[in-house]
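Hello,

Here is the structure we talked about. Please open it alongside this email; my notes follow below.

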Amino acid sequence: MCAFKTLSVSPPNFPIRFSSFPLGLCFNGRQLSTLAAAAAVATDDSSDTVEQLLTDTNGIERLMKMDRRRLPESNRWFPYLDVFRVGSMALRSGEVIQALDPYIQDARKERMRQAVAGRSYSVCLVVEGLSDFGNVSAAFRSADALGIQSVHVISPDSRKRYKDNRHVSMGAEKWLDIELWKSPVECFQALRSRGYRIATTHLGNNAVSAYELDWSCPTAIVVGNEHMGITDEALQLSDLHCCIPMNGMVDSFNVSVAAGILMHHAVCDRVSRLGRHGDLTKEESQILLAEFFLRHRESTLSIVHEYAKRKMESI
């Protein structure tokens with residue numbers, strides 16, 4: 001595990017939200033169909049584990065809705081295609097937003113638009129082998145608050161309950177792109193194909209201070225197990241080791257705190273160098289907004305299905 005010290009305050013004009021991101025569905029006086037109303041009833045997912053949530057077909061559908069890319073088309077990574085499939089039909093993001101717009105309260109839509117405007121895939125978080133999934137949940141919450149959309153969990157053994165720690169994440173996982181990997185080599189290969197350099201947190205002679213790095217370069221921040229730190233395999237496969245030097249008597253922070261500090265510093269550095277952290281194009285922002293609309297509630301899928309049905313009947 002790496003060592004850390006307290007960061008300075010964030011630069012001007014950089015609003016950071018530390019609150020949760022609850023988004024309720026408002027019907028604005030409209031009644032949903034029986035199908036949509038039935039879909040709005042919450043399902044009992046208390047038996048979900050991290051692995052089930054991320055690898056089962058139903059879990060993937062709950063988390064990520066728009067079609068996803070397999071490989072980047074250019075030197076920047078954005079995971080979604082402008083396609084949402086409804087049976088034999090393919091809707092574009094603009095159609096998804098049009099279908100759902102009347103059913104979401106204006107204040108909630110503005111909250112989602114602001115979140116999308118601050119999102120970036122240029123920095124992502126990787127958590128490796130954490131035994132306390134409360135730490136995973138806390139790291140997820142920090143990632144969401146700081147506008148880091150992509151998080152990865154390397155977990156060979158995912159039998160621990162994840163939903164038990166939902167109160168720690170405050171539902172942040174609902175709004176993040178979360179991917180589960182069985183090993184560092186599998187995860188790092190995928191990240192490198194997307195253009196990321198791999199920075200593992202480690203305190204050693206060859207570790208670079210986080211303050212000396214240029215975080216405008218696409219970077220995956222890897223934090224390790226609470227007790228053992230980063231595995232030797234991950235250290236050997238990484239591009240660089242980084243740390244935040246400490247001035248106190250103890251030599252480490254809690255892993256979720258460490259992840260939060262690193263992400264915060266990365267975002268602050270990007271704001272200093274680039275003027276902002278959020279860097280999605282107009283098209284990417286619209287696609288991610290449609291993705292957020294689709295994740296809003298289970299009932300949103302039924303609404304979009306009805307929209308597609310009406311569209312097909314009108315052809």
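Ser120 sits in the loop that links α5 (106-117) to β3 (123-128). Bear in mind that this is a predicted model. Ser120 has a relative accessible area of 0%, so it is buried. What does Ser120 touch, leaving aside its neighbours within four places in sequence? Its contacts are Gly147, Ile148 and Gln149, then Arg270, and then His277, Gly278 and Asp279. Take Ile148 from that list. Ser120 and Ile148 are 28 residues apart in sequence. In space, their C-alpha atoms are 5.7 Å apart.

Next, another loop residue. Asp67 lies between α3 (57-63) and β1 (84-86). Is Asp67 buried or exposed? Its relative accessibility is 18%, and the cut-off for buried is under 20%, so Asp67 counts as buried. Leave aside the neighbours within four places in sequence, and Asp67 is in contact with Pro79, Tyr80, Leu81, Val83 and Arg85.

Now the cysteines. How many disulfides does the structure hold? The count is zero. Cys187 is in no disulfide. The cysteine sulfur nearest to that of Cys187 belongs to Cys124, and it is 7.4 Å away.

Last, a helix pair. Helix α4 (residues 93-100) and helix α11 (residues 282-295) have axes that come within 8 Å. These axes cross at roughly 40 degrees. That angle makes α4 oblique to α11. The crossing is left-handed. Which residues meet where α4 and α11 are in contact? From α4 come Ser93, Gly94, Val96, Ile97 and Leu100. From α11 come Gln286, Ile287, Leu289, Ala290, Phe293 and Leu294. By class, this contact has eight nonpolar residues and three polar ones. Charged residues are absent from it.

To recap, for your own look at the model: Ser120 and Asp67 are both loop residues. Ser120 is buried at 0%, and Asp67 at 18%. There are zero disulfides. Helices α4 and α11 cross with left-handed geometry.

Best wishes

Notes
Residues numbered from 1 in each chain as written. Predicted model: local features only at pLDDT ≥ 70, side-chain atom pairs only at ≥ 80, totals over all residues. Heavy atoms only, no water. Axes fitted to C-alpha atoms, helices over the stretch in contact; angles between N-to-C directions. Helix = DSSP H or I, 4+ residues; strand = E, 2+ residues; numbered from the N terminus. Parallel < 35°, antiparallel > 145°, perpendicular 65-115°, else oblique. Left-handed = near helix turned anticlockwise from the far one by under 90°. Contact = heavy atoms within 4.5 Å. Nonpolar A, V, L, I, M, F, W, Y, C, P; charged D, E, K, R; others polar. Buried < 20%, exposed > 50% of the residue type's maximum accessible area, 1.4 Å probe, protein only. Disulfide = S-S within 2.5 Å.
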